[in-house]
Amino acid sequence: MTAIPQADRKNWKEALDAHVREMVAWHFSPETGSPFWLDFASKLDWDPRREVKTYEDLDRFGSFEDEWLRGGPVRRWVPKGMADQPVYVFETGGSTGIPKSRISIEDFRIDYEHFSGTLPDEYFPKGADWLMLGPSGPRRLRLAVEHLAQHRGGISFCVDLDPRWVIKLIKMGEMQMMEKYKAHVIDQALTILRAHDSVKCIFATPKLLEALCEKISLKKAGITGVFCGGTEMTPQFHRFAREELMEGAYFAPTYGNTLMGLATHKPFDPADNYAIIYYPPMPRAILEVVDPDNPTRIVDYGETGRVRLTTLTREFFMPRFLERDEAERERPCETYPWDGVRNVRPFSRFATSVVEGVY
Amino acid sequence: MLHIPIVRKGESYRSVDVARVPHFRTRETFVEISQANAGLIRRDLLDQETGRRALEAFTTDQLIAMSREAAGYFMTATLPVGDEMQSPEDYVAQLSATTGMPHVLVRKNMNKISGVMAEMASVLAGLTRGLDTAILDRGYGTHDGHAVSFYPRTSSLGVILPSNSPGVHSLWIPSIAMKIPLVLKPGSAEPWSPYRIAQALIKAGVPAEAFSYYPTDHGGSGAILQNCGRGMFFGDSASVGKYANDSRIELHGTGYSKVVIGEDLIDDWEKYLDVLVASITENGGRSCINASGVWVPRHGREIAAALAKRFTEIVPRDVTDEQALLAPFANPEIAKRISAIVDSGLREGGATDVSGELRGSRVVTLNDATYLLPTVVHCESPDHPLANREFLFPFASVVEVDQRELPERLGPTLVVTALTEDPRLIEKLIASPLVDRLNIGPIPTMKIAWDQPHEGNLFEHLYARRAFQRVAQAGA
């Protein structure tokens, strides 16, 4: 299944349960499943294919450990049913130690094609070119934004940005060098914007968006749509971006990562007081807010908890993964009749060890 | 709920993000403070000329007069604080509520701040070595028969402020009379003083565009220091250390201030007990100019015992008590942690908590407020881990040291009060780069002459002198 069509969204839970059964059947079938999950299942005293009927039944797998994604062999994650297809590997983290890796075949394209449907053509014109002002290297984001541009009929211009080097500079206390590196990245962006007036749309991380807007007016540069994500966004940043940086351009904040895909924002509503509210791409990924001390308990609406992610695609099966983020649980809305998350930010119990850098 | 906004070149701005600062006793939110995101600060600082031009419209003498007038407003006027009004009594009570500082100490600090504003002419004369203010306005002139010319090194002064004591605000106020706009980041628990000082100056006629006020996090502080041409940074040694190699920023870290008694006067130590007590305990022991060490060639144990006895007279009192000398900790956990650090040092051996023998537990509570009682430790050697420590309460180590090892063994010291008439020791102290402020004679470390520079000369920080020659104009 891809996205749930708008007309069917009232019945999203039935669709989700059906999707769960389909994904479990795929990932635990000896013909199509990945070596990791087949091995996992061989050590269980129950058969996932027979006993997992609903989304809630995924609790039986326990929490997905992020250590499982560090190191190789990375091919253990490739489902046998897709083994003959070209495989990408994307990394997350890795400024020190071994990064987490996720294989990908088509997911990044599918996720961003769905997301493309949420972007208004008026501000993200079909055929317009894009600037990808975010991390390069072994990141999913660069290829994903490039595909988004291509899917919409445009071309994506990219910059070189190594976020791991930025984090090292910060840890070394080399703040001035970090500023110089940021300036180097922004210089690349300015060069692209000056040379190619076909660029109308930007992807940028919050800090790089601010830095870019310190150098140019988006309006004068002809930018009409900004897709922003990659790191934490506070409500105050959201307001600042809308009021002082956009100059009429559309602002699309997103929450995404290599393991999930992309959660879209609830359309701007002044009543939300600039809270940033995201809804997961049901049924491919589900975001929940759980009690950090009892991660099987979903907190009440409005209550703060740790973000828990479940990813259910044909390429990647990841039940009950505890993110390094916290948020408030958000009620469903008309467009997205399932739970969302409000004001995602680094998990406060880890706060001292998180270094976000320029990206 | 009282709310303090961000101020962007004189314009109030209410942020979506607020910090909630609790009352030190009830721990309930007492004030909400708008928090600026770093990008907003950086964007504002793209234009630093507006404030500068607004100040340049006045002469230095006019700004000095406004400062003098503002001194009165600061002490007596009802001034805005966010959307509400604040009387002087409100200011005292509010500052005390979030920091725990006794009202009597807040009032003393108010006097200190207003004193600098009232005496701005002599403060400026001290910092510029008596420069004619017309030279500052014109940029050049003749001083003591020599051609001089000065130019500003910056279009704004960014200041990262602490919460420990309002007296430090005296240090940045002269920037306005020097026509350099201010970009202030208040301490998280002490938003009150910089806001009130700015309001007093604005009421006296200083253009509001000359003031920006950004309550913010570490990232925002970094944005201020990175983007203002000159900065001042008050913080602990670890925080300010990151900027040790940045000459644009004047650092105000831990003071490690000390009283040194020479061989020649040590046998008369009892005569100086009042100077020692005042240096250690005034202002609740919270200032960088409070002594945290008494360095002597001998009689260390007796001096420590005498200080400990005097310290027993200093007990926790309600913040409204006119006799109150101790400030409670807004966060009780910090008091416990500090006490644990002292205990950990004592366990190393070679040091004794002399106060402990007289007063029992160091951490006490009164009316739900947590205090650290004054503490004197005797250290047998300057190498002891507690010999050169400073804490946020009246704490001092009495350290026995061979006078021949002074001043090198003192380490960097903000204030030295030297009780000696030995010319050789005095010469060595005068010549030492380790000593920032030097008092010779029985002057408490806390006694400040405001026409003297403090950890650098603000005028020299903000202005540079250029070589200047000019051919006389025809007819001149």
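Tutor: In this predicted model, a salt bridge joins the side chains of A:Glu210 and B:Arg42, with 2.8 Å from N to O. Across the interface of chain A and chain B, 3 salt bridges are found by the rule. Polar contacts between chain A and chain B amount to 13 residue pairs, counting those with both residues at pLDDT 80 or more. On the side of chain A that touches chain B, helices α7, α8 (206-213) and α9 (235-245) each supply at least two residues. The largest share of that side comes from α9(A), with 8 residues.

As for the extent of the interface, 18 residues of chain A are in contact with 16 residues of chain B. The two chains bury about 1,500 Å² between them, and 43% of this lies on carbon and sulfur atoms. Of the area that chain A buries against chain B, A:Glu214, A:Gln236 and A:Glu244 supply 39%, more than any other three residues.

The largest nonpolar core has 102 residues, and A:Leu133 and A:Leu209 have the most contacts inside it. Helix α7 of chain A (residues 175-195) gives the most to this core, namely 8 residues. Beyond its neighbours within four places in sequence, A:Leu133 is in contact with residues including A:Val185, A:Ile186 and A:Ala189. Another core, of 66 residues, lies apart from the largest one, and among its members are B:Met120, B:Val168, B:Phe234 and B:Leu458.

Methods. Residues are numbered from 1 along each chain as its sequence is written. Chains are lettered from A and ligands numbered from 1 in the order in which they are written. This is a predicted model: local features need pLDDT of at least 70, side-chain atom pairs count only at pLDDT 80 or more; totals for chains, interfaces and linings use all residues. Side-chain values use heavy atoms; hydrogens and water are left out. A nonpolar core is a set of buried Ala, Val, Leu, Ile, Met, Phe, Trp, Tyr and Cys residues joined through side-chain atoms within 4.5 Å. Buried means under 20% relative accessible area, exposed over 50%, partly exposed in between (1.4 Å probe, protein chains only). Helices (H or I, at least four residues) and strands (E, at least two) are DSSP runs, numbered from the N terminus. Contact means heavy atoms within 4.5 Å. Buried area is the accessible area (1.4 Å probe) that two parts lose on being put together, summed over both. A salt bridge is a side-chain nitrogen of Lys or Arg within 4 Å of a carboxyl oxygen of Asp or Glu. A polar contact is a pair of N or O atoms within 3.5 Å; within protein, one must be able to donate a hydrogen and the other to accept it, and residues adjacent in sequence count only if both atoms are side-chain atoms.
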